[in-house]
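I opened my notebook to look up a few things in this structure. Here is what I wrote down, entry by entry.

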Amino acid sequence: MKGQKKILLLLFFMTSGLLFIPSITMGEDVGNIIVAKGVLTTEKCLKTPVCYLEWYDQSSLVLFTGKRTVYHLEANEVPKWKFNSGFGKQVAIKGVLKGNKIMVNDLLPLEGGGKMSKACL
Amino acid sequence: MSVIWTGKGLGIIMSRILKLFLICILLVLYAGCQKVEEQKGSVEIKILPGYLVESEELTSSTNSPDVVIVDARSAEKYQKAHIHNAVNIPKTVFRTPEDLEYKKNNGFAISPEKAEKVFGEAGIGANSRVIVYDSITFPDASIIWTLLKYYGHDNVQILKGGYERWVSDGHPVTQETKMLKRADFKVKPKPEMVVTLSWILDNKKDITILDMRSFAEYIGTNTAGNKRGGSIPGAINIEWVELAGDSTVKSAEELQRILNKYRISRDKEIVTYCNWGIGRSTYGFMVLKMLGFEKVRVYGGSMEDWSIKADLPIGDIKSIPADL
C-alpha cells in the first residue's frame, strides 16, 4: 500500500511537471516590436503630485502614455545616459512589448517634453 | 465485479504507466524544441565564407598584382595613413551633381559610365580581386562592395575589423600613394539588386522594409536634410550599428538574435533604405547577403526620394499612436 502511494505521488508530480514543460520548451515569448511615446518617469512619481530627483530609480522606470497607460520599462540595450537625459520628459521609445513591459532598445527625448514635474501629473 | 490487484500486477501496470509518461515527456520536449526552432527561423544563421577577409590574409596579398585594395575612408584619412598599395575611393566620389541627377532619373547611385571610370581608374579589371576596407565607425566599404556587385564585379570582399583592426594588429601603414594602372572595367548591371519607389508602392504589402538609419531619423525628429522627416510607413528601424557593433559586423549568433527580435524572415522580400540609397542601406543589404538572405534589395532613392513626394504618407513622431 505504501509503495502504491509513492507511485501515485510520483505520477502526480510528473503530471504537474508535464504541465509546465511546454512553457519552458516553447522558449521565451519574443514579444512585438513597438514604437511608443509618452512621459518617462517612475512608478513612485506617478502616484504623487511631486517628484524628487532622488526617487529616480532605473529599476522602476515607466512610460506614461497620452492615454494614461503605464508601461514598465526594462533597459535592454540602452545606455544609462539615454534614460537619464529623457527622465521626466516626453520620449519616443523603440522596444519589444511583452505584456505591459517594454524591453527598451532605443530611447529619444522629444523637444517640448516639459519638466520633471509634468511627469508626475 | 471487483478486481483485486496483487502487488506484482500493480507493479507491472505502474511501470507501464511510467513508461508512457516518459514517452509523453519526450514527445512534448521534442515538440517544444521544434517550436523554438520555428520561432528562431528554420535556417541557422551563419556568415557565409568569402565575404570577409582577415587581416592576416590581406598581409600576404598587398603586393599581389591581381588584388586591388580599396580604402573607402575619406581622402583626409587616406592621406594621413593607409594600407600599403590601397587606392582611395571615398563616398564623396559618388555624390557629385551629375550623380544626383542620374539618381533622380534612374533611381540608383551612379551611371554605368561613371562606374567604368571610377573603378577602371582604380585599377579594377575583370580578373581583379577587390578587398575593401573602411573605418568601422562608417558603413562606407559597403558602398564600394554593393556598387561593384551591382555593376557585375562579384570578386569583392571586406576587410574584417577595418582599418582600426589592421592597425591594432600591428600591420604596417603608409602615406605613399599607389601609382595607379588603369584597367578596363566593363559594367554588367544587375538591376534586380535595386528597387524604385513605384516597385515599393506596388509590393509594399508583401515586403519587409528596413530603415537602417538612426531612431531619430526614423521618427523624424532629425530630418537629416530631407524635405520631410520620418520614415516609410511600416518600415522596421534597425540602425546599421546594431548589426555592426564595434566591428565590421557582429557575430552570427548576435545577428541571429537581432533578426529574431525584429522578426526578419528570409522568406519575405526585404528592402533596405537610408537617406541616400548608398551607405547605411547598402550596409544592411551586404550583411543580409553575408547571412545568405537571397531576397534582399536596396531602395536606391531612399528617403531623399520618398520625402520629396508630398502625396506619400510618412511615419513620424506625430503618427505614433497615443497608446499601443
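**Rings in chain B.** I began with a cluster in this predicted model: ring pairs link Tyr51(B), Trp145(B) and Phe285(B). I took a pair to be rings of Phe, Tyr or Trp (its six-membered ring) with centres within 6.5 Å; planes under 30 degrees apart are stacked, over 60 edge-to-face, and the rest tilted. Over all chains, I found 10 aromatic pairs. One of them is stacked, because the rings of Tyr133(B) and Tyr163(B) have their centres 6.0 Å apart and their planes at 20°. This pair links distant parts of the chain, 30 residues apart: Tyr133(B) is in strand β4 (residues 129–133) of chain B, and Tyr163(B) is in helix α7 (residues 162–168) of chain B. Helices (H or I, at least four residues) and strands (E, at least two) are DSSP runs, numbered from the N terminus.

**Ground rules.** Residues are numbered from 1 along each chain as its sequence is written, while chains are lettered from A and ligands numbered from 1 in the order in which they are written. As the model is predicted, local features need pLDDT of at least 70, side-chain atom pairs count only at pLDDT 80 or more, and totals for chains, interfaces and linings use all residues; side-chain values use heavy atoms, leaving out hydrogens and water.

**Buried or exposed?** I checked both tyrosines of the stacked pair. Tyr133(B) is buried at a relative accessible area of 1%, and Tyr163(B) is buried at 13%. Buried means under 20% relative accessible area, exposed over 50%, and partly exposed in between (1.4 Å probe, protein chains only).

**Charges over rings.** Which residue lies over the face of Tyr163(B)? I found Arg73(B) there, at 3.8 Å from the ring centre. Likewise, Arg95(B) lies over the face of Trp276(B), at 3.6 Å. The test asks for NZ of Lys or CZ of Arg within 6 Å of the ring centre and within 35 degrees of the ring normal.

**Ala115(B).** I found this residue in helix α5 (residues 112–121) of chain B, buried with a relative accessible area of 0%.

**Strands in chain A.** Strands pair if DSSP finds at least two bridges between them. Strands β2 (residues 61–64) and β3 (residues 70–75) of chain A run antiparallel, joined by 3 bridges. Leu63(A) has Tyr71(A) as its bridge partner in β3(A). I also noted that 4 bridges join β3(A) to strand β5 (residues 101–109) of chain A, and these run parallel.
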